[in-house]
Amino acid sequence: MSKQLVSRLLGMFRSRTQVGADKFGNRYFTRVEEVDGVMEEKRWVEFKGSDQDQTTVQVEWICWLNGQRKKAPTPEELAELEARRERYSKKKEEEEKKTGVRPVKTVGKFESPNLKSSIPQFPDTSLDQRKGHDEVSRSKDGSDTEDATVDTDRSSEPTGTGATFKPGTWQPPT
């Protein structure tokens, strides 16, 4: 390695600032560096130990690392959020004990939704209705002419009374 590269690498490590640590011992750092003439802040985590278990990074730190937070979470904030999560989980456990119902956890593929319940909302028009509305007769000379009953049978406005009204049966004119 050249001396210039080594000094640059050492300079980068010297210029880093530790902004915090979490309950797992992971440490969080930042530094400002120039990238293409623009000063940018770089943020990263150094995991405790060699396993680098990314599941140990708390949500608040993930938000800070991704730039969704400007300031790193404080130890007080983290302690308060941990206490709130603990209270919530205890409350859920108490509710489960009271009702005797535990939430079902499913693993793997989920069952597809039952769409048969929505079918009555969109009834299929019968063959007779389609013939009455869409029938085109051929004249003896071979040209297409619409049946005269089509315009009189179908209106552009829904009709019916409260007693005979069925939701989803009216179809707009085509």
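1. The charged end of Arg-16 sits over the ring of Phe-29, at 4.3 Å from the ring centre. A charge is said to sit over a ring if NZ of Lys or CZ of Arg is within 6 Å of the ring centre and within 35 degrees of the ring normal.

2. The model is a predicted one, in which local features need pLDDT of at least 70 and side-chain atom pairs count only at pLDDT 80 or more, while totals for chains, interfaces and linings use all residues. Residues are numbered from 1 along each chain as its sequence is written, and side-chain values use heavy atoms, with hydrogens and water left out.

3. The sheet is open and has three strands in the order E1-E2-E3, with antiparallel pairing. Its edge strands are E1 (17–21) and E3, each of which pairs on one side only. From one strand to the next, the twist averages 25 degrees. Nine bridges join E2 and E3 in the antiparallel sense.

4. Tyr-28 and Trp-61 are stacked, because their ring centres are 3.9 Å apart and their planes lie at 0 degrees. Tyr-28 belongs to strand E2 (residues 27–35) and Trp-61 to helix H2 (residues 59–65), so this pair ties together parts that are 33 residues apart in sequence. Tyr-28 is buried, with a relative accessible area of 0%, and Trp-61 is likewise buried at 0%; buried means under 20% relative accessible area, exposed over 50%, and partly exposed in between (1.4 Å probe, protein chains only).

5. The rings of Phe-29 and Trp-44 are also stacked, since their centres are 5.8 Å apart and their planes are at 20 degrees. This pair links distant parts of the chain, with Phe-29 in strand E2 and Trp-44 in strand E3 (residues 38–46), 15 residues apart. Both Phe-29 and Trp-44 are buried.

6. Tyr-28, Trp-61 and Trp-64 form one aromatic cluster. These three residues belong to the largest nonpolar core, which has seven residues in all and also holds Phe-47, Val-57, Ala-72 and Leu-78. Such a core is a set of buried Ala, Val, Leu, Ile, Met, Phe, Trp, Tyr and Cys residues joined through side-chain atoms within 4.5 Å. Beyond its neighbours within four places in sequence, Trp-61 is in contact with residues including Val-19, Asp-22, Tyr-28 and Pro-73; contact means heavy atoms within 4.5 Å.

7. Is Gln-58 buried or exposed? Gln-58 counts as buried, at 11% relative accessibility, and lies in the loop between E3 and H2. Not counting residues up to four places away in sequence, Gln-58 touches Asp-22, Lys-23, Phe-24, Leu-78 and Glu-82.

8. Lys-42, in strand E3, is partly exposed, with a relative accessible area of 30%. Between Lys-42 and Phe-29 the C-alpha to C-alpha distance is 8.2 Å, and the two are 13 residues apart in sequence.

Technical notes. Phe/Tyr/Trp six-rings, centres within 6.5 Å; stacked < 30°, edge-to-face > 60°. Helix = DSSP H or I, 4+ residues; strand = E, 2+ residues; numbered from the N terminus. Pairing = 2+ DSSP bridges. Axes fitted to C-alpha atoms, helices over the stretch in contact; angles between N-to-C directions.
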